[in-house]
Amino acid sequence: MAPRLLPVLVLGLLLTGCGGDEEAGQGDPATDTTQSPSASEPGTGSAEPGTQTGTTSSSSPPEGQPGVRVTGAVASDLEVPWGLDFLPDGRALVTERDRGTISVIGGAEVRQVGVIPETFPTSEGGLLGLAVSPDFESDRQVFVYVTTEADNRVLAMRFDGEAISDVRPILTGIPAGVIHDGGQLEFGPGGFLYVSTGETGDEDLAQDPDSLGGKILRITTSGQPAPGNPDPDSPVWSLGHRNV
């Protein structure tokens, strides 16, 4: 299989495909520009166990340095939020890994719009990545990556603005495990869907061209290998490295 240069965006998928919530919030204290509110400040308090909430304080990066200004909480009471993408109307869809739910965030409202019942959460598996179709205004399609008892898979569904429906698998048989399940989804050039998969702790899978584990896959919105893949009969776009 001839090597290929990948878009920077797609390479980023593979590097961020594993880990989920275990790596969240573990930034370098020396470079972290956010500030947690003091317990003595009015209107603040401890979050309920199992929830993730935004800060209500405001912080700015040091003068002259780029950074993110935290202005307040956008959503709360989300348990292990994992995948997020935006709709054309500015609202966001978000998955919750362990609950197997999809919610829409609009303004101050968080509303559940669907459940993926086959979700089988593990240490790093569950309902993971989410991508909104680049043609959403015409096709209303949304895609998610989910761990089931049998495998990891990509599902397509319809979202009419109120609820999901017509949920169907378009790619199955991706190796699943307790760790390193991958799970990022992103649309790239040509409207093809890039899927990062993990090697489930079996490092040899990443270099095995016959396995879907530890790879970047490139597929159509119907789950078929995208035109131009190294092997026209395979969704594999790039082999991974050991310890993906």
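This is a tour of one predicted chain, stop by stop.

Residues are numbered from 1 along each chain as its sequence is written. In this predicted model, local features need pLDDT of at least 70 and side-chain atom pairs count only at pLDDT 80 or more, while totals for chains, interfaces and linings use all residues; side-chain values use heavy atoms, without hydrogens and water.

**Whole chain.** Colour by secondary structure: there are two helices and 12 strands, where helices (H or I, at least four residues) and strands (E, at least two) are DSSP runs numbered from the N terminus. From the N terminus on, the order is α-β-β-β-β-β-α-β-β-β-β-β-β-β. Of the 244 residues, 42% count as buried, meaning under 20% relative accessible area with a 1.4 Å probe, protein chains only.

Zoom in on strand 2 (residues 92-96) and strand 3 (residues 101-106), joined by five bridges. One stop there is Thr95, whose bridge partner in strand 3 is Ile102.

**Thr122.** Next, select Thr122, in the loop between strand 4 (109-115) and strand 5 (127-132). Leaving aside neighbours within four places in sequence, Thr122 is in contact (heavy atoms within 4.5 Å) with Arg97, Gly177, Val178 and Asp181. The Thr122 side chain reaches the backbone oxygen of Gly177 at 3.4 Å, and a polar atom of that side chain lies 3.5 Å from the backbone oxygen of Val178.

**The cores.** Now select Val154, Leu185, Leu193 and Val195, which touch the most other members of the largest nonpolar core, of 18 residues. Such a core is a set of buried Ala, Val, Leu, Ile, Met, Phe, Trp, Tyr and Cys residues joined through side-chain atoms within 4.5 Å. Strands supplying at least two residues each include strand 7 (152-159), strand 9 (182-187) and strand 10 (193-197). The largest share, three residues, comes from strand 8. Apart from this core lies another, of 17 residues, among them Leu93, Val144, Met157 and Phe159.

**Val195.** Finish at Val195: beyond neighbours within four places in sequence, its contacts include Tyr145, Val154, Leu185 and Ile216.

Definitions and conventions
Polar contact = N/O pair within 3.5 Å; in protein donor to acceptor, adjacent residues only side chain to side chain. Pairing = 2+ DSSP bridges. Buried < 20%, exposed > 50% of the residue type's maximum accessible area, 1.4 Å probe, protein only.
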